[in-house]
Amino acid sequence: MEIDVTISLKKGVADPEGANTKKALNLLGFDDVVDVKSMKTFRIEMDIEDEKKARAEVEEMCKKLLANPVIQNYTIEIR
Amino acid sequence: MNVEDINICILRIEGTNNEQEMYLAFKRLGAKPELVHLKQLTGEVAEAGRRDLFDYQCLMIPGGFSSGDYVRAGAILAARMKSAMKDDLTKFAEAGYPIGGICNGFQVLVELGLLPAFDEIMTDCPEACLTTNDSARFECRPTLLRHENKGNCVFTGRIPEKDILLMPSAHAEGKIIFPPQERGRHLQRLIDNDQVVFRYVSPEGDYAGYPWNPNGSVYNIAGICNPEGNVFGMMPHPERVFFGHQHPDWTRTNKENGDGRAIFVSVLEYIRGKF
């Protein structure tokens, strides 16, 4: 089973990487770009059949390592 | 206890650096530092290589890029420490033994929940985060820090309050932030508990913005300790200015000692007096 975990920054947290990318895109002539947000996706392959169990385990992974709740949100998507 | 009997555990894993400078700082002051790999503490090595955290009177986490700084700076080392030695770490900190983290080590202590640790010795979830500098760049240069602690922090006992020290910064993720809705409250608690240790200043001593504050840290914070004062983390590198000649203006000054030396002298003095 493949699971995508996407880590994004919480609302109100500064995203210098996104802001700088936006600036660069504007400088390249993409004038319609009004905002860029950076995110990170981990594609996790698990040897597991039970979807519910997999989701619970990935949830635990997010809490223990993948996300810092102070600044980050996460979404879990089973592919 | 005598200084020559003080054992210092300097933790290393793949990607740590500056541990040699830290080792030498303690060695030059007469203590007994040892470079210890995380696996030696977690028992994942042959019998002869195993170490117990309680063989030491101080745990230091050096700078660098532990585990490549993947996921988040310090997150992997923190998660590995927490899964294997959470109880030991809690007991160690509870007993008053000093734990210090420099640069990446500071990030590890925050991810571990050992800093700022308002309500318990070690929180389950991090209460703060050291995140990407406002400039989105690696900022590497000498920075000026004002010592703001009123006597709580065991790593700065020898530094007079309000003294301005020069220590080099070298990091891409040094901006301390709190959960947006808790920002004011957390900052106030840091101040009330005497947990603020160093703040970035300009040469005039003002709490100036960039470039004097290299990362955009809230309240210009460069280093903090826990409410008990024995767990301490800072972004700049005291071990890189142990001697006067390591200062950028060394040809114009006759300083024998570097500004970072006092950190190591202070913690050794605390251990000598307490244990």
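Biologist: How is the size of an interface given?

Modeller: The size is often given as the accessible area lost when the parts come together. Here the model is predicted, and chain B and chain A bury about 1300 Å² between them. Of that area, 68% lies on carbon and sulfur atoms.

Biologist: Which residues of chain B lose the most area to chain A?

Modeller: Look at B:V71, B:R72 and B:P180. Together they make up 37% of what the chain B side buries.

Biologist: How many residues are in contact across the interface?

Modeller: On chain B there are 22, and they meet 17 residues of chain A.

Biologist: How many salt bridges and polar contacts cross it?

Modeller: The rule finds zero salt bridges between chain B and chain A. It does find five residue pairs in polar contact.

Biologist: Which elements of chain B supply at least two residues each to that side?

Modeller: They are helix 3 (75–94), strand 5 (129–131) and strand 8 (175–177) of chain B. Helix 3 of chain B gives the largest share, three residues. By type, the chain B side divides into 13 nonpolar, four polar and five charged residues.

Biologist: Now the sheets. What holds strands together?

Modeller: Strands of a sheet pair through backbone hydrogen bonds, either parallel or antiparallel. In chain A, three strands form an open sheet with antiparallel pairing, in the order 2-1-3.

Biologist: Which strands of chain A are at the edges?

Modeller: Strand 2 (39–45) and strand 3 (72–78) of chain A, since each pairs on one side only. Neighbouring strands of this sheet are turned by 20° against each other on average, direction ignored.

Biologist: How many bridges join strand 1 and strand 3 of chain A?

Modeller: Seven, in the antiparallel sense. As one example, A:I3 has A:I78 as its bridge partner. Helix 2 (residues 51–66) of chain A packs on this sheet and touches strand 1, strand 2 and strand 3. Its direction makes about 155° with that of strand 3 of chain A.

Biologist: What is the strand order in the chain B sheet?

Modeller: The order is 2-1-3-4-11-10-9-6-7. That is an open sheet of nine strands, with mixed pairing.

Biologist: Why is one side of strand 2 and of strand 7 of chain B left without a neighbour in the sheet?

Modeller: Strand 2 (32–37) and strand 7 (164–171) of chain B stand at the edges, and each has a single partner strand, so one side stays without a neighbour. The twist in this sheet averages 25° from one strand to the next.

Technical notes
Residues are numbered from 1 along each chain as its sequence is written. Chains are lettered from A and ligands numbered from 1 in the order in which they are written. This is a predicted model: local features need pLDDT of at least 70, side-chain atom pairs count only at pLDDT 80 or more; totals for chains, interfaces and linings use all residues. Side-chain values use heavy atoms; hydrogens and water are left out. Contact means heavy atoms within 4.5 Å. Buried area is the accessible area (1.4 Å probe) that two parts lose on being put together, summed over both. A salt bridge is a side-chain nitrogen of Lys or Arg within 4 Å of a carboxyl oxygen of Asp or Glu. A polar contact is a pair of N or O atoms within 3.5 Å; within protein, one must be able to donate a hydrogen and the other to accept it, and residues adjacent in sequence count only if both atoms are side-chain atoms. Helices (H or I, at least four residues) and strands (E, at least two) are DSSP runs, numbered from the N terminus. Ala, Val, Leu, Ile, Met, Phe, Trp, Tyr, Cys and Pro count as nonpolar, Asp, Glu, Lys and Arg as charged, and the others, Gly among them, as polar. Two strands pair if DSSP finds at least two bridges between them. Axes are lines fitted to C-alpha atoms, for helices over the stretch in contact, and angles run from 0 to 180 degrees between N-to-C directions.
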